[in-house]
Amino acid sequence: MAIRGVEVLLRQLPKVDLHVHLDGSVRAQTIADLARDQGVELPISEGEDLLPYIQVSEECGSLREYLSKFDFVVPFLQSEEALERVAYEIVQHSAEHNCRYVEVRFAPQLHRRKGLTAEAAIRSVIDGLRRGEKEYGVRAKVIAICMRNHSSEENLEVVEAAGRFIGKGVAAIDLAGDEAGYPPQLFRDVFAASRARGIPVTIHAGEAGGADNVYEAVTHLGAVRIGHGVRLKENPAIFDMIRKRQVPLEMCPVSNIQTKAVSGWDAYPIREYFDSGVMVTINTDNPSVSGTNITKEYEMIVDKFGFSLEEIAALIMNGVEASFLEDEEKLALRQEFRLQLKELGIDLK
């Protein structure tokens, strides 16, 4: 099949996105609108391109450069209206790529500079997702992030607030931030509180830190999924544990290259992981910052690693199985995807 034909088919495939950050998904036009509404002067003249302030270039040089884009965006996301709008637009963007289910993660404590409570921030994102669900038919849930550089008190406040919305729009709790500077064992108490409230856990690990962080996240923090996990292969015993337990990895190919989680595509282990039986899922991480979308993520692994359409379908179904949906919802999504894939000529065994 010609390259263009593959691109079209990949866009048509039903998909999920389990690892997408709200503050990494803000469109340039949305920033311009929010700046106008909030009376904030932008660092550009009328008609100039705002994109360089929110998106890294193809030659992103470091994780620091990548993270600088969030410093520009987050100040605009300090109101219920702004959070609701961006959440809605994530669902809208997902629908454009036939992404039928999305889990949007964000750190409530980063959006309180103008007086919002953690609970109000979560409610606003849920409201935006629900508006998108009604309009586009894309199911969407929230993952509330605890930040590594925040105090236990701040993070426990997020856990408590998220717990009020379990079954009402919140799917799980996450841990994100400076993995190298704040190893996961520092957060055992926070995630014990999450488990006590029955909130599922996913942890950023094995991205800027080694495989030991993955082990800690699963065995002591209760993670049932791992964000990224790129460096899992550094410890064969831990790798084998994750493979045998079928702990899903939320891999984000484009951003993993941009943030220098690996040195380049030649070192990216997704083919090795998939062929070894690790439960790999494909996600976008930060669509606006990375200049990506869920279709492009699949295009990249087809181009770089020769994944077949049947293998792509298997990765997609991994995402369905790894989702934080309730059993009945997951069964319905699984049946929906199998039917759509069959209609596109891909009949899963």
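**Close-up views of a predicted model**

**View 1. The largest pocket and its lining.** Helix 4 (63-73) and strand 3 (139-147) each give at least two residues to the lining of the largest pocket. This is a predicted model. The pocket has a volume of about 860 Å³. It is lined by 32 residues, and L67, F70, M147, G177 and D178 are the closest to its centre. Helix 4 supplies the largest share of the lining, six residues. By type, the lining residues are 14 nonpolar, nine polar and nine charged.

**View 2. The salt bridge between E157 and R112.** The closest N and O atoms of E157 and R112 are 3.2 Å apart. E157 lies in helix 7 (residues 152-163) and R112 in the loop between strand 2 (99-106) and helix 6 (118-136), so the pair ties together parts that are 45 residues apart in sequence. E157 is partly exposed, at 32% relative accessibility. R112 is partly exposed too, at 28%.

**View 3. The salt bridge between E119 and R164.** Here the closest N and O atoms are 2.7 Å apart. E119 sits in helix 6 and R164 in the loop between helix 7 and strand 4 (170-176), so the bridge ties together parts 45 residues apart in sequence. Both count as partly exposed: E119 at 24%, R164 at 39%.

**View 4. The salt bridge between E250 and R225.** The side chains of E250 and R225 meet at 2.7 Å, N to O. E250 belongs to strand 7 (residues 249-251) and R225 to strand 6 (residues 225-228), so the pair ties together parts 25 residues apart in sequence. Both E250 and R225 are buried.

**View 5. A network of salt bridges.** D33, R36, D37, R85 and E89 are linked in this network. The structure holds 25 salt bridges.

Key
Residues numbered from 1 in each chain as written. Predicted model: local features only at pLDDT ≥ 70, side-chain atom pairs only at ≥ 80, totals over all residues. Heavy atoms only, no water. 1 Å grid on protein atoms, 1.4 Å probe; cavity = no way out; pocket = protein on both sides within 12 Å on 5 of 7 lines; lining within 4 Å. Points joined across faces, edges and corners; volume = space filled by probe spheres on them. Helix = DSSP H or I, 4+ residues; strand = E, 2+ residues; numbered from the N terminus. Nonpolar A, V, L, I, M, F, W, Y, C, P; charged D, E, K, R; others polar. Salt bridge = Lys/Arg side-chain N within 4 Å of Asp/Glu carboxyl O. Buried < 20%, exposed > 50% of the residue type's maximum accessible area, 1.4 Å probe, protein only.
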